There are 2 protein chains.
Amino acid sequence: MAEANLQILLKSRPEGRPGPEHFELVQSPIPEPRHGEVLVRHRFLSLDPYMRGRMSDAVSYAPPVPLGGVMEGECVGEVVQSQHPNFAPGDWVSGARGWQGWSAAHGSTLVKLPAGSGVSPSAYLGVLGMPGRTAWIGVTEVLRPKPGETFVVAAASGAVGAVAGQVARRMGARVVGIAGGAEKCRYVTEELGFDACLDHREGLEAALDAACPNGIDCYFENVGGSVQKSVFPRMREFGRIAFCGMVAEYNQSPPPPGPNLMALVRKRLTLQGFLVNDHPRAGQEWMRNGAVLLREGKLQFREDVAQGLENAPAAFVGLLEGRNFGKLVVAI
Amino acid sequence: MAEANLQILLKSRPEGRPGPEHFELVQSPIPEPRHGEVLVRHRFLSLDPYMRGRMSDAVSYAPPVPLGGVMEGECVGEVVQSQHPNFAPGDWVSGARGWQGWSAAHGSTLVKLPAGSGVSPSAYLGVLGMPGRTAWIGVTEVLRPKPGETFVVAAASGAVGAVAGQVARRMGARVVGIAGGAEKCRYVTEELGFDACLDHREGLEAALDAACPNGIDCYFENVGGSVQKSVFPRMREFGRIAFCGMVAEYNQSPPPPGPNLMALVRKRLTLQGFLVNDHPRAGQEWMRNGAVLLREGKLQFREDVAQGLENAPAAFVGLLEGRNFGKLVVAI
C-alpha cells in the first residue's frame with residue numbers, strides 16, 4: 001500500500017501540563033496481519049483524561065506507556081484484511097489500538113460493531129464506549145440514586161458526565177450538572193434535560209446552595225479541584241460520592257490535599273473509587289441498555305471532533321483544560 | 001435521702017483542648033421519679049471520645065450539650081425506686097443518663113442488664129456497650145474482612161479497637177493493631193491475640209511496611225491525624241476504610257486537610273463513615289454474639305477505671321490524649 005502508518009509516540013514524561021514536546025509523530029510501514037490477526041484502518045481515536053496517567057511513570061492501576069511507545073487509546077475502524085475467522089473486510093471494529101492510523105490486531109482483542117444500527121461508529125468511543133460504561137457503572141453500581149434524591153455531576157457536558165446525569169434522571173433523581181461556561185450549561189439543561197446546570201466559573205458555592213437547598217445525596221466525581229472543594233461540604237447525611245477521576249488535578253504535582261474526612265462520620269458518607277474494567281457485567285448491561293435508549297431517542301450525546309491524527313496532542317491538552325465540548329474524538 | 005446528686009455541667013465551649021474550666025460541678029437534689037419513671041443510682045459512667053463533639057456547637061449529627069446542661073453520657077446503675085412496671089429496686093440498668101450520680105428516667109429509655117450473667121455491669125458500657133457495638137458494626141457491616149486479608153486497627157488497646165481487632169481475627173483476617181507505647185502494644189499482641197501491634201510513636205511508616213508488605217485491605221479508622229497519614233498511602237487495591245471517629249483531631253481547630261482522593265480511583269478504595277445508632281439490627285447482633293464470645297472466654301477486654309465523678313473531666317481530657325489504657329469508665 002502506498003500509505004504509511006502515522007503514529008504518535010510518547011517522547012518524554014511531562015511534569016505538570018503536557019505539550020507538543022512530549023509527543024513525537026512518526027511514519028511507520030503499515031503492518032501485515034499474521035495468522036489470527038486483522039488489519040484495521042482506524043477511523044476515530046478516542047481522547048480521554050485517563051491518558052494523562054499513562055504518560056507518567058507513577059505507580060497506578062495500569063503500567064505507563066513506555067518512552068518511545070505508541071500512546072494508548074481506543075479506536076474504531078474498518079477491517080481491511082483478515083486472518084481471523086470472525087472478521088471480514090468491511091467490518092467495523094473497536095479496540096485499544098493506540099494513537100495511530102493502522103494496526104494489525106489479534107481478533108480476540110477486537111469487538112465487532114453492530115451493523116445497520118444507525119449509530120455512528122464514533123459513538124462506540126463515547127456514549128456506547130468506555131465513557132458511557134463508566135457513567136453507567138458509577139450511577140447504577142456505585143451511587144444508586146433513589147427517586148427524589150439530589151444528584152450532582154461535574155463535567156456535565158462531557159463524555160461521562162452527560163451519560164451519568166441522564167441515567168440518574170431516568171432513575172428518578174433531581175440532577176444538577178456542573179460545567180464550564182454558559183454555553184455548556186445551556187446545552188446540559190436544554191439538550192440533556194438536566195434539572196439545573198451550574199457554571200463553575202461563576203460563584204459555584206452560592207449556586208450549589210441555591211440549587212441544592214437540602215444538600216447533595218449523590219456526587220459523581222470526575223474533576224476534583226475546586227469543584228470537589230465546593231461540593232464536598234454540601235453532601236447530605238448518608239450521601240455517596242463515586243470517583244472515576246479528577247481531571248482538574250492531573251497536571252498538578254504533587255497532588256493537592258483533600259478534605260478532612262471527619263465529615264464521613266458526621267454525615268455517614270460513603271466515598272468509592274471505581275474503574276470501568278472492574279465491572280464487566282455492568283459494562284455489558286450498558287451496551288444493551290444504552291443502545292435501547294439511544295434508539296428510542298432517550299439518550300442525547302454530543303461529540304467534539306478534532307480532524308487528523310496529527311492534531312491529537314493539541315486536542316488532548318485542551319481536554320485536560322476543559323476546552324472540548326462533548327465527547328472528544330479524533331477523525332483520522 | 002441524705003445524699004445529693006452530683007452533676008457535671010458544661011460551663012463553656014472549648015476551642016481546642018478542653019480543661020477543667022469548661023466543666024462545672026454542682027450538687028442538686030436527688031430527683032423524685034414520676035409515673036412511668038425509675039430512680040437510678042448511677043454506678044459507672046462511660047467516657048468516650050464522641051463527647052468532645054457534644055461540647056462544641058458546630059453542626060454535627062447530634063445537637064450539642066447546652067451550656068449549663070448536664071454532660072451527656074451512658075451510665076449503668078441500680079434501680080432504687082420504680083414507677084414503671086418493668087423495673088424493680090435492685091435491677092441493674094443502662095441508659096444515656098449523663099455525667100451525674102442519680103437520675104429519674106422514663107422506663108422506656110432504660111435497658112435492663114441480664115441478671116446472673118457473671119459479667120460486670122461496667123462491661124455494658126464497653127465491650128458489650130456502645131463501643132463494642134461500634135466495633136462489630138464497623139467490622140461486620142462496613143469492612144467485611146475476608147480470610148487472608150490484612151486488617152489494621154488504630155487505638156488497638158482502646159474500647160473500640162480491641163473488639164474490632166478480635167472480631168476481624170475471628171473472621172480470618174491477619175490483624176495489625178496500632179497503639180501508643182510498648183506496654184499497650186504488648187497487651188494487644190499477648191492478651192488480645194493480634195498478629196502484630198505497632199507503636200505509632202516509633203517510626204510507624206517503616207513498621208507498617210514491614211508488618212503489611214502487601215498493603216492494607218481493611219483499616220478501621222478511629223483516630224485520624226498522623227496515623228491516618230501513615231496508613232492511607234499503604235491501602236491495597238479494593239481496600240476499605242471504615243470511619244467511626246478521628247479522636248486525634250478533635251482538639252484541632254480548624255481540622256487539618258485530608259489525603260488527596262485520587263487514590264480512591266487508582267486503588268478502587270471505599271471509604272465509609274458510620275454511626276452506631278444507624279445500625280440497630282447489627283447492634284442487637286453484637287449484644288447476642290458478644291455475650292457468647294465473652295462467656296466462652298473468646299473475647300478479652302480491659303477497663304481503665306477512674307474513681308469518683310468529680311474526676312471525670314480530667315479523665316476525659318486524658319482520653320482525648322490517649323492516656324487511658326482500655327475502656328475508660330468512671331466508678332461513681
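A charge is said to sit over a ring if NZ of Lys or CZ of Arg is within 6 Å of the ring centre and within 35 degrees of the ring normal. The legends below describe close-up views of a predicted model.

**View 1. Charged side chains over aromatic rings in chain A.** Arg302(A) lies over the face of Tyr187(A), at 5.4 Å from the ring centre. A second example involves Lys112(A), whose charged end sits over the ring of Phe87(A), 5.7 Å from the centre of that ring.

**View 2. The aromatic pair of Tyr187(A) and Phe325(A).** Over all chains, a search of the whole structure finds 10 aromatic pairs. In the pair formed by Tyr187(A) and Phe325(A), the ring centres are 5.4 Å apart and the planes stand at 85°, so the arrangement is edge-to-face. This pair links distant parts of the chain, for Tyr187(A) belongs to helix α4 of chain A, while Phe325(A) is found in the loop between α9 (312-320) and β15 (327-331) of chain A, 138 residues apart. Both Tyr187(A) and Phe325(A) are buried.

**View 3. The aromatic pair of Trp99(B) and Phe316(B).** These two residues also form an edge-to-face pair, with 5.8 Å from centre to centre and 75° between the planes. Because Trp99(B) lies in the loop between β5 (92-95) and β6 (102-106) of chain B, and Phe316(B) in helix α9 (residues 312-320) of chain B, the pair ties together parts that are 217 residues apart in sequence. Trp99(B) counts as buried because its relative accessibility is 0%, and Phe316(B) counts as buried at 0% as well. In chain A, ring pairs link Phe23(A), Trp99(A) and Phe316(A) into a cluster.

**View 4. The buried and exposed faces of helix α4 in chain A.** Within helix α4 (residues 182-190) of chain A, the buried residues are Lys184(A), Cys185(A), Tyr187(A) and Val188(A). Seen down the axis of α4(A), the buried residues fall within an arc of 160°, so they line one face of the helix. The exposed residues Ala182(A) and Glu190(A) are carried on the face turned away from this buried side, whereas the cover over the buried residues of α4(A) includes β9 and β10 of chain A.

**View 5. The open sheet that includes strands of both chains.** The sheet has 12 strands with mixed pairing, and its order runs β10(A)-β9(A)-β8(A)-β11(A)-β12(A)-β13(A)-β13(B)-β12(B)-β11(B)-β8(B)-β9(B)-β10(B). Its edge strands are β10 (196-199) of chain A and β10 (196-199) of chain B, each of which pairs on one side only. On average, and with direction ignored, neighbouring strands of this sheet are turned by 15° against each other. Strand β9 (residues 174-179) of chain A runs parallel to β10(A) and is joined to β10(A) by 4 bridges.

Conventions:
Residues are numbered from 1 along each chain as its sequence is written. Chains are lettered from A and ligands numbered from 1 in the order in which they are written. This is a predicted model: local features need pLDDT of at least 70, side-chain atom pairs count only at pLDDT 80 or more; totals for chains, interfaces and linings use all residues. Side-chain values use heavy atoms; hydrogens and water are left out. Two strands pair if DSSP finds at least two bridges between them. Helices (H or I, at least four residues) and strands (E, at least two) are DSSP runs, numbered from the N terminus. Axes are lines fitted to C-alpha atoms, for helices over the stretch in contact, and angles run from 0 to 180 degrees between N-to-C directions. Buried means under 20% relative accessible area, exposed over 50%, partly exposed in between (1.4 Å probe, protein chains only). The arc is that of the directions from the helix axis to the C-beta atoms. Contact means heavy atoms within 4.5 Å. Rings of Phe, Tyr and Trp (its six-membered ring) pair if their centres lie within 6.5 Å; planes under 30 degrees apart count as stacked, over 60 as edge-to-face and the rest as tilted.
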